[in-house]
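Here is a short briefing to read alongside your model. Please keep the sequence and the 3D view open as you go.

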Amino acid sequence: MDTWRSFQTWWENHPNAVQAVKYALWVLLIILLITRIRKLLKRTIPAIQTRYKSQKAVEIFGYLLVILLSLAYFTGSIKDFTLAIGLFSAGVAITLQELFLSIAGSLYIFAAKVYAPGDRIEMHGIQGDVIDIDSIYTTLMEIGEWVSTDNYSGRIVKLSNAFVFRGPIYNYSRDFPFIWDEFNLPIRHGSDVEMTQQIIMKIAQEELSAFAMQSKQSWQEVVKKYYIENAEVEPTLALTITDNWLQFNLRYIVDFKKRRLTKHRLHERLERAIEATNGNVQTASTTLEIVRIPLTNEKPKA
């Protein structure tokens, strides 16, 4: 009984400590509630994308509840609420700027659909596939660096969501999951130009026609959504005559995840087809060819 009275006396004589205990209990309750709801959503929602977005929405809602609770508790004893908000804003601007920018960035990412898990993006000079977006960070499986073209490097990179406000974001798959690619094929002077064109376009049509057909509908949707002119999605070939060779430039559209494999298949088939021409078409390279050694009339000295 004496212990209970002592506790009541302490409780009444230390209002600040009581408020702190109540605040901590409320925060703990919110955390437990959010954790419970996230686990419930994980068990009950079968669709991966819907489950992921629902869990993130609940997490962000929990952050907002904690922020509102903090405002309610720590401004209750200040009569001038405007002054409290000003002091709080100044503190946030100085100490928690990056945190709140990241939270705002996550809200912007989901609301504006800047990118989503599964998209391939480039942000802050880093390329990769988005594998997670939380309230603070975007997590990427990195592409490039010491490996060539579109291969994974194996590194997982976390970028602050605040970067969405600080620079451009290149999305390889949002709205239009195709990209244009090209390569140059150098052919020696004297080769059969018409035969070369036929070989390149025949192989291009066989390898790339599926991408062209798939991309047409997506491109029409992009044209309707944005102020952009229509574009050619079929493979195109251009010829440039240089001092060293005839340069054939093949430009085509391809699935953003199959760029490297497609280019490999095109090069492989073109090499075999050119070899089958029995010298009518020959590839060129930057080599030095000695055509004739000039003769001199000088007699050797005795």
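This is a predicted model: local features need pLDDT of at least 70, side-chain atom pairs count only at pLDDT 80 or more; totals for chains, interfaces and linings use all residues.

Residues are numbered from 1 along each chain as its sequence is written, and side-chain values use heavy atoms, with hydrogens and water left out.

**Strands and sheets**

- Helices (H or I, at least four residues) and strands (E, at least two) are DSSP runs, numbered from the N terminus.
- Five strands form an open sheet in the order β4-β3-β2-β1-β5, with antiparallel pairing; two strands pair if DSSP finds at least two bridges between them.
- At the edges of this sheet are β4 (152-160) and β5, each of which pairs on one side only.
- On average, neighbouring strands of the sheet are turned by 35° against each other, direction ignored; the axes behind such angles are lines fitted to C-alpha atoms.
- Within the sheet, β1 (residues 120-123) and β2 (residues 126-133) pair in the antiparallel sense over four bridges, and R120 has D129 in β2 as its bridge partner.
- Another antiparallel pair joins β7 (residues 236-241) to β8 (residues 246-255) over six bridges.
- β7 and β8 make a hairpin with four residues between them, and L239 stands opposite F248 in β8.

**Aromatic contacts**

- There are five aromatic pairs in the structure; rings of Phe, Tyr and Trp (its six-membered ring) pair if their centres lie within 6.5 Å, and planes under 30 degrees apart count as stacked, over 60 as edge-to-face and the rest as tilted.
- One of the pairs is F176 with W219, edge-to-face at 5.1 Å centre to centre and 70° between the planes.
- F176 lies in the loop between β5 and β6 and W219 in helix α6 (residues 193-225), so this pair ties together parts that are 43 residues apart in sequence.
- F176 is buried at 9% relative accessible area, and W219 is buried at 7%; buried means under 20% relative accessible area, exposed over 50% and partly exposed in between (1.4 Å probe, protein chains only).
- F176, F178, W180 and W219 form one aromatic cluster.

**The second largest pocket**

- A pocket is an open set of points on a 1 Å grid over the protein atoms alone, where a 1.4 Å probe fits, with protein on both sides within 12 Å along at least five of seven lines; lining residues have an atom within 4 Å of a point.
- The volume of the second largest pocket is about 190 Å³, counted as the space filled by probe spheres set on the points.
- Its lining consists of E122, Y170, N171, Y172, R174, D175, F176, F178, I179 and Y226.
- The elements giving two or more residues to this lining are β5 (169-171) and β6 (178-187).
- The lining divides into six nonpolar residues, one polar and three charged; Ala, Val, Leu, Ile, Met, Phe, Trp, Tyr, Cys and Pro count as nonpolar, Asp, Glu, Lys and Arg as charged, and the others, Gly among them, as polar.

**Positive phi angles**

- Most residues other than glycine have a negative phi.
- K113 has a positive phi near 55°; K113 is found in the loop between α5 (97-112) and β1 and is exposed at 56% relative accessibility.
- N278 also has a positive phi, of about 55°; N278 sits in the segment after α7 (259-275) and is exposed, with a relative accessible area of 72%.

Note on methods:
Axes are lines fitted to C-alpha atoms, for helices over the stretch in contact, and angles run from 0 to 180 degrees between N-to-C directions.
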